[in-house]
Amino acid sequence: MIQSLYIKDFALIDELEVSFAPGLNILTGQTGAGKSIIIGALNMILGERADTDMIRHGTRKAVAEAVMNVGDAESVKSILTEHAVDFGRVLILRREIRDSGSRAFINDTPVNIAVLRQEGDLLVDLHGQHDHQLLLKEENHHKVVDGFPGVSKALTRYRSVFKESSALMNELSMLKKRERELREKLELYRYQYKELEAAELDNEEISAMEAEMKLLDNAEDLDQKAALITELGTNGEANLTGILETLQSAIADMAGIEPEFDTYSRELNTAAISIQEMLRFTERYRANIEFNPARLDQLRQQQTSLNRLEKKYGRTLEQLVVYRGELRDNLNLAENFDLEIEQLQQKVDAQLEKLKEVARALHESRTKEGKILSGRMEKELHGLGIPHATFGVRVNYMVSDKGWITLEGKKLACTDQGCDDVSFFISTNKGEQPKALIKIASGGEISRVMLALKSIAAMEQRLPVMIFDEIDTGISGAVAERVGETMRTLSSHCQIIAITHQAQIAGQAHHHFSVEKYEETDRTVTHIKLLNRQERIHEIASIISGAEVGEHALASAKEMIDKNNG
């Protein structure tokens, strides 16, 4: 139940707070007073789109907040727990709109708009002024039938199987597409693989080749440097070896006299050993330097071939090694495609058998609940002033040559909503055959059909709140009175908040609110007020007679209120 609603700086509303109660809460007022703005704010709180144009001129943000008593609703608690929101019997749903976007809160915890919408779907059914048009589109009819518990369970099972079926079908389609693409490129892949295989590409061998080329290319320079090192180290009158020996002898003598030279003596001896080892290694290295122009030319030719491959394929040598592996895998795959496709096709066939079973079960469930709905709708419509109404729900398989499954000898198209078309048929006059709802129902009849559907849905789904924004379109008089009676009866099962322009409906209210528009200084503002008995009589009388409220209208208004609240 919605306990209270707070709105600030939203369209014509500067600041408004209203408390609602159980039962039938009716809002009346002149056209343009702001009744639908209040419903729009509620809609926004429930997760619908927030338009920045609704921010009141001259203010920074618009705020709408609803306090709701949800009791111990486990479904509500489950969603809040999943998103780390504290749960209590009372929830505060809040929405703020700024020029930069909107924010949503539940119990002062920021939440995603999707979470707000999830909660809203569980707590409130809001019927807007344009929902009548949805009923005139057959693609929306299945949603009504699917709201029944028996169908919703079958639909959940179907969707699970359909999701897996779609994934497998997509995998099979992609595999077949890949096979076609591979078949088209098979000759090219074979040629490329043969060419790269002949090049004997190997990262380690390529590195070894580059190292060998570097040595051969620099052999002469290496030999000259090695000769210079040997000459300076051991040859000539003043060679490094002799100088080191002289230094070692002198510093050893000094260390014998002055101990502080002892450390340097040891370090010099270590350095001398390292230098001697370096000189011996250089002599051995020089002896093994290879001068091989023929081998160098061979390696250069090999490198030229590799560079040509790099340029041809637009890849580095390391990348060509990887690409060669990919080519090998593709060629192996081409040889095994038929087997892979066959194995996957078997999985698809088995999955489609499961889909066939759940599709049949969903169809049967919709057909069964459709018959029940038809009977209940006729009863509701009779009570709403269509005494000879007959209502039918037709559930037909969607036949398509491109369908995935075959049932009753027909190939059926399947979506995540099932393999059925669901459509409503109605006859409002005695003796006439039912026809498609879109072809036969008038505006007033559509309103009553919608109210009947909502009444049945409320009983089935146990929604705590239902909101009607002018469901009385196209009706008046005795019919309006019956609509009001139905809404009042329904309000014993759930809280109802409704906007109406019909005195007969307003007279049924448990709680009657008047919405008015005022001019304050240079601004227009909307206010809402809970009416007492006398104010109700005057409000309903003004609906009956217009601006000039006469005694007859006041008497009629009093009679309506006394009749429903006696």
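1. Strands here are DSSP runs of E of at least two residues, helices are runs of H or I of at least four, and both are numbered from the N terminus; two strands pair if DSSP finds at least two bridges between them. Axes are lines fitted to C-alpha atoms, for helices over the stretch in contact, and angles run from 0 to 180 degrees between N-to-C directions.

2. The model is predicted: local features need pLDDT of at least 70 and side-chain atom pairs count only at pLDDT 80 or more, while totals for chains, interfaces and linings use all residues. Residues are numbered from 1 along each chain as its sequence is written, and side-chain values use heavy atoms, with hydrogens and water left out.

3. Within the antiparallel sheet, β5 (residues 90-98) and β6 (residues 101-106) pair over six bridges. Ile-97 has Ser-102 of β6 as its bridge partner.

4. Another open sheet has six strands in the order β8-β14-β15-β3-β16-β17, with mixed pairing. Its edges are β8 (124-127) and β17 (523-530); each has a single partner strand, so one side of each is left without a neighbour in the sheet. The twist averages 15° from one strand to the next. Strand β3 (residues 24-28) pairs with β16 (residues 511-520) in the parallel sense over four bridges, and Ile-26 has His-512 in β16 as its bridge partner. Helix α1 (residues 35-45) packs on this sheet as well, touching β3, β8, β14 (465-469), β15 (495-499), β16 and β17, and its direction makes about 140° with that of β14.

5. The second largest pocket has a volume of about 350 Å³. A pocket is an open set of points on a 1 Å grid over the protein atoms alone, where a 1.4 Å probe fits, with protein on both sides within 12 Å along at least five of seven lines; lining residues have an atom within 4 Å of a point. Grid points are joined across faces, edges and corners, and the volume is the space filled by probe spheres set on them. Of the 19 lining residues, the closest to the centre are Gly-29, Gln-30, Glu-539, Ser-542 and Ile-543. The largest share of the lining, five residues, comes from α17; β16 and α17 (533-545) each supply at least two residues.

6. The structure holds one disulfide (cysteine sulfur atoms within 2.5 Å). This bond joins Cys-414 to Cys-419, S to S 2.2 Å. The torsion about the S-S bond of Cys-414 and Cys-419 is about 100°, so the disulfide is right-handed.

Definitions and conventions:
Contact means heavy atoms within 4.5 Å.
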